[in-house]
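Hi,

Here is the structure I promised to pass on to you. Have a look at it first, and then read on for what turned up.

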Amino acid sequence: MAAWCLREALISGGTTPELANKAAEEVATYEARLASTDARLTLLTWMVGANIALTAAVLAKLLH
């Protein structure tokens, strides 16, 4: 969506459609990479949380 809006804004600002398309494609690629990174970070956060919880459970069991 943002890539299309960028394309339209660039064209209305006087940029050629070819350059506007290239810029919009770059933004779309960047958005896809950012979404992928966000998904990986969410998974990593859950993995670290589970690891901390299990480590705390083991320590509690060992100390009692």
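**What was found**

Glu8 is partly exposed, with a relative accessible area of 31%. Please keep in mind that this is a predicted model. Glu8 forms a salt bridge with Arg7, and their closest N and O atoms are 2.8 Å apart. In general, side chains of opposite charge can pair when their charged atoms come close. A search of the whole structure finds one salt bridge.

Now to the helices. Helix 1 covers residues 2–12 and helix 2 covers residues 17–63; their axes come within 8 Å and cross at roughly 155°. Angles over 145 degrees count as roughly antiparallel, so helix 1 is roughly antiparallel to helix 2. The crossing of helix 1 past helix 2 is right-handed.

Which residues meet there? From helix 1 come Ala2, Ala3, Leu6, Arg7, Leu10 and Ile11, and they meet Pro17, Ala20, Asn21, Ala23, Ala24, Val27, Ala28 and Glu31 in helix 2. By type, the residues of this contact are 11 nonpolar, one polar and two charged.

Glu31, which sits in helix 2, may be worth a look on your screen. Apart from neighbours within four places in sequence, Glu31 is in contact with Ala2 and Ala3. Glu31 and Ala3 are 28 residues apart along the chain, and their C-alpha atoms are separated by 8.8 Å. Glu31 counts as partly exposed, at 32% relative accessibility.

Best wishes

Conventions. Residues numbered from 1 in each chain as written. Predicted model: local features only at pLDDT ≥ 70, side-chain atom pairs only at ≥ 80, totals over all residues. Heavy atoms only, no water. Axes fitted to C-alpha atoms, helices over the stretch in contact; angles between N-to-C directions. Helix = DSSP H or I, 4+ residues; strand = E, 2+ residues; numbered from the N terminus. Parallel < 35°, antiparallel > 145°, perpendicular 65-115°, else oblique. Left-handed = near helix turned anticlockwise from the far one by under 90°. Contact = heavy atoms within 4.5 Å. Nonpolar A, V, L, I, M, F, W, Y, C, P; charged D, E, K, R; others polar. Salt bridge = Lys/Arg side-chain N within 4 Å of Asp/Glu carboxyl O. Buried < 20%, exposed > 50% of the residue type's maximum accessible area, 1.4 Å probe, protein only.
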